[in-house]
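Biologist: Could you take me through how the features of a structure like this one are read, giving the general idea before the particular case?

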Amino acid sequence: MRNLLKYILILTLCFGCSEKNTEWKSEMNATIFFGSEPKNEKFNLTFNKTDNSLNYKYVNQIDSSKTISIRKIIQSDSLLFGFEKFLKTDKESYRNEKLNNLEFEFYELENPVTDGTGPILFNSDYGLLAINNVFGPTIIFLDEKDNELTEKILTALNE
């Protein structure tokens with residue numbers, strides 16, 4: 001929890017800067033659900049703010065081919081993940097005390113398909129909380145391993 005507070009403080013300072021472009025780096029823990037047993041892995045997160053977007057790049061510390069890039073378009077309700085555009089839904093935001101009661105918005109594919117990725121849980125201050133994938137890995141980014149919180153997030157993703 002202490003690291004989450006430190007992370008939020010860093011983000012607050014970065015967003016409060018008068019510079020147009022801001023960049024910082026951090027480390028995130030991820031629980032990856034794919035196959036029989038969930039795996040816990042660490043990712044290096046690089047954040048970059050430009051005039052029109054917030055860019056988050058998560059690179060696995062062991063296997064750099066496991067990279068996730070999310071681009072939040074400022075002044076819009078959309079995210080870019082890979083080559084796909086995701087739109088914020090009307091679904092009630094996900095909140096939890098353990099996540100400082102931050103509001104994580106649900107994003108769905110602009111053009112949904114049966115086997116497509118989604119939903120994505122995202123907050124501009126925190127970054128990516130979760131990506132649900134029917135036929136691929138579901139990934140949850142938390143400060144610390146927390147099985148109870150992970151289960152709650154999984155439930156929210158699948159409602």
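Biologist: Leaving aside neighbours within four places in sequence, which residues is I153 in contact with?

Modeller: Contact means heavy atoms within 4.5 Å, and by that criterion I153 is in contact with Y94, L121, L129, A130, I140 and L142, once its neighbours within four places in sequence are left aside. Before we go further, this is a predicted model, in which local features need pLDDT of at least 70 and side-chain atom pairs count only at pLDDT 80 or more, while totals for chains, interfaces and linings use all residues. Residues are numbered from 1 along each chain as its sequence is written, and side-chain values use heavy atoms, with hydrogens and water left out.

Biologist: Which residues touch the most other members of the largest nonpolar core?

Modeller: A nonpolar core is a set of buried Ala, Val, Leu, Ile, Met, Phe, Trp, Tyr and Cys residues joined through side-chain atoms within 4.5 Å, where buried means under 20% relative accessible area, exposed over 50%, and partly exposed in between, with a 1.4 Å probe and protein chains only. The largest such core has 38 residues, of which Y58, Y94, I120, L121, L129, F141 and I153 touch the most other members. The element that gives the most to this core is α2, with five residues. In the chain as a whole, 43% of the 159 residues are buried.

Biologist: How many helices and strands does the chain have?

Modeller: Helices (H or I, at least four residues) and strands (E, at least two) are DSSP runs, numbered from the N terminus. The chain has two helices and 10 strands, running α-β-β-β-β-β-β-β-β-β-β-α from the N terminus on.

Biologist: How many salt bridges are counted, and what does the one between K66 and E41 tie together?

Modeller: A salt bridge is a side-chain nitrogen of Lys or Arg within 4 Å of a carboxyl oxygen of Asp or Glu, and the count by this rule comes to six. In the bridge of K66 with E41, the closest N and O atoms are 3.2 Å apart. K66 lies in the loop between β3 (53-60) and β4 (67-73), whereas E41 is in strand β2 (residues 39-49), so the pair ties together parts that are 25 residues apart in sequence. K66 counts as partly exposed because its relative accessibility is 33%, while E41, at 14%, is buried.

Biologist: Which partner does D146 have in a salt bridge?

Modeller: D146 pairs with K98, with 2.9 Å between the closest N and O atoms. This pair links distant parts of the chain, 48 residues apart, as D146 sits in the loop between β10 (138-142) and α2 (147-157) and K98 in the loop between β6 (84-88) and β7 (105-109). D146 is buried at 18% relative accessible area, and K98 is partly exposed at 37%.

Biologist: Which residues are closest to the centre of the largest pocket?

Modeller: Rolling a probe the size of a water molecule over the atoms shows where empty space is left. On a 1 Å grid over the protein atoms alone, a pocket is an open set of points where a 1.4 Å probe fits, with protein on both sides within 12 Å along at least five of seven lines, and lining residues have an atom within 4 Å of a point. About 270 Å³ of space lies in the largest pocket, the volume being the space filled by probe spheres set on the points, which are joined across faces, edges and corners. Of its 16 lining residues, I32, K66, I68, P137 and I139 are the closest to the centre. The largest share of the lining, three residues, comes from β2.
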